[in-house]
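Open the model in your viewer and show it as a cartoon. The tour below tells you what to select at each stop.

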Amino acid sequence: MAETIYALSSGAVPSGVAVIRVSGERTTEIIGAMAGRLPKSRKAMLATLRDPLSTDVVDEALVLYFEGPNSFTGEDVAEFQCHGGRAVVSRMLAILGSFDDCRPAEAGEFTRRAFDHGRMDLTEVEGLADLIAAETESQRKQAVRQMGGALGNLYDGWRKRLIHMRAMIEADFDFADEEDIPGSVADEVWSEAADLHREIADHLERSKSGERLRSGLQVVLMGAPNAGKSSLLNAIAGRDVAIVTEEAGTTRDVIEVHLDLGGYPVTLVDTAGLREASGIVEREGIRRAEAKGWEADLILWAVEPGGVDFDDPSSGLPENLRQQVPVWKVRTKGDLETHPKQDSSGTIQEIACSSKSEAGMSPLFDRLTRFAEETISLGEAPLATRERHRYFLKECLAGLKTAVDSEFVPTELRAEDLRRAADALGRITGRIDVEDLLDVIFRDFCVGK
């Protein structure tokens with residue numbers, strides 16, 4: 001018999017209501033022993049909960065029962081909605097632990113059981129994790145879409161197409177002599193495989209937005225020492241995050257602030273000023289600043305009046321970095337112009353702002369919000385959101401490309417490449433050989449979920 005698990009699923013106590021969840025074969029026994037009777041499935045029942053051993057009243061609570069397999073985990077599930085006092089919750093958990101084969105759930109174990117019983121695939125599990133972690137409206141929408149199965153359905157559809165292609169090849173082998181088989185049915189497979197390759201490659205390219213949405217855009221503040229970077233960071237964050245002094249080189253390490261700009265996640269990074277440094281600590285700070293620049297989606301180059309611009313040879317900003325990452329010049333320290341200057345193509349050259357007032361910051365806020373919206377253009381199509389997805393999609397593309405390009409290779413070997421491509425898609429959803437991934441995926445879940 002599989003162990004029955006239980007956990008507080010509603011967060012820290014004390015609280016108005018505490019939800020304690022139970023899942024497993026002893027669920028109905030536990031409800032009967034504590035509440036005296038079993039409610040109808042999916043119907044809330046008000047009951048007096050008692051300790052089965054002492055018969056002491058523990059609490060008056062709502063009890064819900066979800067009969068498996070039509071439950072979240074696929075097993076019998078109960079929820080006790082108790083008062084959220086520490087003593088009540090502690091006593092409830094102690095009573096549940098007194099039943100045979102009943103133990104506290106591990107982190108993510110309810111969701112793990114849902115996966116094991118076929119209630120969710122791995123993309124839906126990851127969507128649930130992203131929904132719990134979502135901090136902005138756009139992250140919430142993307143997570144809900146993935147949790148609803150949109151991404152898994154897309155990948156399963158592609159996998160079924162690959163399986164069908166292989167079936168056509170097998171039919172060509174097995175029924176080549178049959179008169180009712182028109183020509184070689186496998187001839188159409190390779191053009192279909194080429195079409196699927198283009199479709200998956202396009203999805204992979206568009207999914208860069210999905211990854212940015214999940215992790216947040218990286219916007220890095222760079223510039224010479226004492227150019228106003230830390231003041232700019234504090235003004236954008238709306239609180240004192242970084243130490244601001246008149247002494248050059250105050251910032252020695254990387255400081256990160258997570259923001260919600262128009263519903264889009266942005267990580268703003270303050271870095272050490274770029275200059276020739278003699279001290280070991282400052283040199284390390286500058287090295288970290290340059291490393292963050294290479295990871296950035298956008299660099300804001302802070303410059304005070306008469307300061308060093310980013311295209312100045314003495315700025316310390318590598319030219320190849322400027323070619324790879326867009327750089328906006330942000331004029332700080334009292335410049336209150338209300339519109340960014342642009343070149344003839346309409347590209348932003350510089351933005352004037354002041355950290356001393358809300359009006360002085362609005363041009364930068366507005367432009368950053370538009371940049372986030374333009375960079376993370378999601379639409380309605382499901383997108384890959386994790387490096388794990390990208391890895392197996394690339395494996396799938398490699399198998400498809402080899403199969404399509406190997407025109408003079410025996411068909412049996414080309415069919416094996418199609419199998420490899422289909423298996424890669426199956427590993428994304430958890431259909432094939434993913435046991436080694438499961439602990440990694442579930443370990444970051446909350447206890448009780």
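Select residues 86-97. This is helix H2, in a predicted model. Helix H2 lies across strands S1, S2, S3, S4, S5 and S6. Relative to S5, helix H2 runs at about 150 degrees.

Now show the strands under that helix. How many strands form the open sheet, and in what order? There are six, in the order S3-S4-S5-S2-S1-S6, and their pairing is mixed. Go to the edges next: select 45-50 for strand S3 and 102-104 for strand S6. Each has a single partner strand, so one side of each is left without a neighbour in the sheet. Neighbouring strands are turned by 30 degrees against each other on average, direction ignored.

Select residues 15-23 and 77-84 together. These are strands S2 and S5, which run antiparallel and are joined by eight bridges. Pick out Ala18: its bridge partner in S5 is Cys82.

Next stop: charged side chains. The structure holds 24 salt bridges.

Show the side chains of Arg26 and Glu29. They form a salt bridge, with the closest N and O atoms 2.7 Å apart. Are the two residues buried or partly exposed? Glu29 counts as partly exposed, because its relative accessibility is 39%. Arg26 counts as buried, at 16%.

Move to Arg161 and Glu199. Their side chains meet in a salt bridge at 3.2 Å, N to O. Arg161 lies in helix H6 (150-174) and Glu199 in helix H7 (187-206), so the pair ties together parts that are 38 residues apart in sequence. Arg161 is partly exposed at 26% relative accessibility. Glu199 is partly exposed too, at 33%.

Now select 411-429, helix H14. Within this helix, show Asp417 and Arg420. They form a salt bridge, the closest N and O atoms being 3.6 Å apart. The two are three residues apart in the helix, so about one helical turn separates them. Arg420 is partly exposed, with a relative accessible area of 30%. Asp417 counts as buried at 14% relative accessibility.

For the last stop, select Glu3, Glu75, Arg103, Glu109 and Arg113. Salt bridges that share partners join these residues into one network.

Technical notes. Residues numbered from 1 in each chain as written. Predicted model: local features only at pLDDT ≥ 70, side-chain atom pairs only at ≥ 80, totals over all residues. Heavy atoms only, no water. Pairing = 2+ DSSP bridges. Helix = DSSP H or I, 4+ residues; strand = E, 2+ residues; numbered from the N terminus. Axes fitted to C-alpha atoms, helices over the stretch in contact; angles between N-to-C directions. Contact = heavy atoms within 4.5 Å. Salt bridge = Lys/Arg side-chain N within 4 Å of Asp/Glu carboxyl O. Buried < 20%, exposed > 50% of the residue type's maximum accessible area, 1.4 Å probe, protein only.
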